[in-house]
Each structure stands twice: as structure tokens, then as C-alpha cells.
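Visitor: Hi! I'm new to this one and would like a tour. Could you start with a term I'll need?

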Amino acid sequence: MSDSGPPRDPPGRGGDIVWSIIGTLVAGVLAWGFIGWLLDRWLGTRFLVAAGIIVGMAGAFYLIIKRYGSG
Amino acid sequence: MTAPALPLAREGFQAPGVEIFEWPDIVHLEVAGFDLSINRVVLQMFVVGLLVWGLFYFAFRKPKLVPSGLQNVMEALVEFIRNQIVLEVIGRDGLRYMPYLTTLFLFVLFGNLGGVIPPILFPLNGRIALPAVMAICSLLLFISVGISSQGLAYFKNTLFPPGIPWPVYILLTPIEFVSTFIVRPVTLAIRLLANMIAGHLILSVFFVATGYLLTSMNVSVVFGVGALVFSVALIAFELFVAGLQAYVFTILSAVYIAGALEPEH
């Protein structure tokens, strides 16, 4: 079997972007959630985990829009 | 009242759970505090490794210009990895990583196929050890590819994406770090592991239930026949998943290598 030229939109590509977006969202929540948790332990507060998760999500959205938004 | 002749029907249905992933040690071995015991899964790993080695060795031991038999099959496989994964995702620069990706694909594939091939009937990647080690290999590989192609600027390019005002880096750099060096390998391993665990559990539940229903000696036998048909269809589905997950693992490793080869833009 010989294929004449690769298809322009290979099956892997769409999936890559989806996984990359999910990965970024998860990473945002994890990274800033963890930082918030550490700050909570350090300062003895309770709300910084939640704040960190929200900040992380916002950052992840910003990153995704920056990277995939305008194309 | 059920028929007393069959103990299975009397006891009530017991669905298999996570215990079907536990295997007793065949050889107990402990070296310097590390548990190096050999159980069925370890043996299966040895067999799969030997199989992958043997396939390549015997296919290309005396390569002929006009391939036939095993050489033909293996050439088709290598060509598939080369054209559909390496050239498609990385390009010509990726041909250096062909050996890793091809071996990875075959190893994951045969590990998965164990789940549907009697008498093995256990997916090797249903235990975290192998997916985790392979994900770590892919992680170390793409980091070293990044360092060798961009030098230490690889970390700068990865952690500080260009075109963003500098105060935002405080927000984004931790996210980039976690997403590249933690979330990537973890999702790579978990995706494979979870697919194999789910597939193995579903197959086990369906076949145990089929046996239970077919031997129930009452009207449930009718449902048993339906369950049997569905179980066989599930085997076909698991075959598909085995191939798909091997493909996904390999192509994502290739994507990560491609991302490390050139800075983001």
C-alpha cells in the first residue's frame, strides 16, 4: 500500500489540541491550587486554595486563548 | 427457588472487582529492600518484551529486497509508524526517534492485546508500573531532545511563552511548568492505564455474568444468550481500544518530541 501524499488534516492533530487544552486547564488548577495550599499552610488561612484554583483557571484560559485563539 | 444442582446459581452473582488485577508472587525476591518479586504480570512483561525483540530480529535478520512473510508484515508496520506518526507529526527530523517510537508502539500494543488473547487474558498496561515507566521514558526523551536542539533556552522557551507582557509570567510560568513536565507524563500514563483497567473490568463482568446467567436454570438463560453476544462484541471493541491506545500513546510521545524540537511560536 502506498498513499499518495499525506492528508492535510491528520487524525492525530485535532486530538492533540484538545488534549493540550485539557492539560493546560488541569495544570493551571493544579499549579495555582498547590501554591494556594502552600500559602494557606504558611499563613494559616483557609481561602487561598480556592483563590489559587480560580487564579490558575484564569491563567490557563489566558494561555489557551493566547495560543489557540487567534490562530 | 433455584435449582440446587448448580452452586453458582445459589450463591448469587458476585461481580469481579479490582482483585482481578492482583496476582500472587511466583518467585519472591527482595534485593536491598526493593521488592523484585516475579508474578504473572512480570512474566507477561518478559514474554511481550521477548516477542517484540523476536519479531524485529527474525523479520530483519536476513532482509530481502522483495520482502515476504514476516518481513513484509513488519515492514508495513514500520512504514505505518514512519508515515502516519513520525513524518506526519515531527517531519524528517523525527526519523532519528523512529526506533523508540516503533518499539514503544509495538510494546504497548502487545501489552494491551494480552487482555483479549486467551489464555493470557490480562492487559499488561492495566498495572500502573509499565505505563508509568514508559511515560517517564517519553518525558526524559523530549526533555533531552529539547536541550540538545535548543540548549538551555529550551526551558526558557517552554516556561516563558513569547508575546506576553512580563508580569503575566508570574501567573503563567507555574502553569507551563506543571502542564509540560507533570501533566503530560501523568496523563500519558493514566490514559493508557485507565483504558486498560476499564476494558478488563468490563470484559470480566460481562463474561462472569454470562456464565452466571447461562447456568441459572431459569428464565435468565435468555438474557445469558444476549449477554454472550454482547460479550463477544466487547472483545472486538477491546481489540480496537488496544490498537487505538497504542497509537495514541505513540503519537502523543511524537507530539511532545516535536514540541521540544522547535521553540513555540
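Guide: Happy to. Two residues are in contact if their C-beta atoms, placed from the backbone, lie within 7 Å. Please keep in mind that this is a predicted model.

Visitor: Let me step back. How many helices and strands does chain B have?

Guide: Chain B has eight helices and four strands. Along the sequence the order is α-β-β-β-β-α-α-α-α-α-α-α.

Visitor: What about its overall dimensions?

Guide: The C-alpha atoms of chain B fill a box of roughly 75 × 55 × 45 Å along the principal axes. Its radius of gyration is 23 Å, whereas a compact globule of 265 residues would have one near 18 Å. Buried residues account for 31% of the chain.

Visitor: Where is G94(B)?

Guide: G94(B) sits in the loop between α3 and α4 of chain B.

Visitor: Why does G94(B) count as buried?

Guide: The cut-off is 20 or more other C-beta atoms within 10 Å. G94(B) counts as buried because it has 20 C-beta neighbours inside 10 Å.

Visitor: Which residues does G94(B) contact, leaving aside its neighbours within four places in sequence?

Guide: Those are V86(B), L87(B), V89(B), A254(B), I257(B) and A258(B).

Visitor: Tell me about I257(B). What does it touch, not counting residues up to four places away?

Guide: I257(B) touches G94(B), as well as I90(B), Y97(B), L141(B), F142(B) and V145(B). I257(B) is also one of the residues with the most contacts inside the largest nonpolar core, along with V86(B), V89(B), L101(B), F105(B), V108(B) and A254(B).

Visitor: How many residues are in that core, and which elements give two or more?

Guide: The core has 42 residues. The elements giving two or more are α3, α4, α5, α7 and α8 of chain B, and α8(B) has the largest share with 12 residues. A second, separate core has 13 residues, including V29(A), L30(A), L63(A) and L172(B).

Visitor: That list mentions chain A, so let's go there. How many residues of the two chains are in contact?

Guide: On the chain A side there are 21 residues, in contact with 17 of chain B. In chain A, the elements that give two or more residues are α1 (11-43) and α2 (48-69). The largest share, 12 residues, comes from α1(A). By class, this side of chain A has 12 nonpolar, six polar and three charged residues.

Visitor: Last one: what pLDDT does chain A average?

Guide: Chain A averages 81, with 76% of the residues scoring at least 70. Over residues 1-12 of chain A, pLDDT stays under 50. Where pLDDT is low, the predicted coordinates should not be read in detail.

Methods: Residues are numbered from 1 along each chain as its sequence is written. Chains are lettered from A and ligands numbered from 1 in the order in which they are written. This is a predicted model: local features need pLDDT of at least 70, side-chain atom pairs count only at pLDDT 80 or more; totals for chains, interfaces and linings use all residues. Ala, Val, Leu, Ile, Met, Phe, Trp, Tyr, Cys and Pro count as nonpolar, Asp, Glu, Lys and Arg as charged, and the others, Gly among them, as polar. The radius of gyration is taken over C-alpha atoms; the globule rule is 2.2 Å times the number of residues to the power 0.38. A residue is buried if 20 or more other C-beta atoms lie within 10 Å of its own, exposed if 12 or fewer, and partly exposed in between; C-beta atoms are placed from the backbone. A nonpolar core is a set of buried Ala, Val, Leu, Ile, Met, Phe, Trp, Tyr and Cys residues joined through C-beta atoms within 7 Å. pLDDT is the predictor's confidence in each residue, from 0 to 100.
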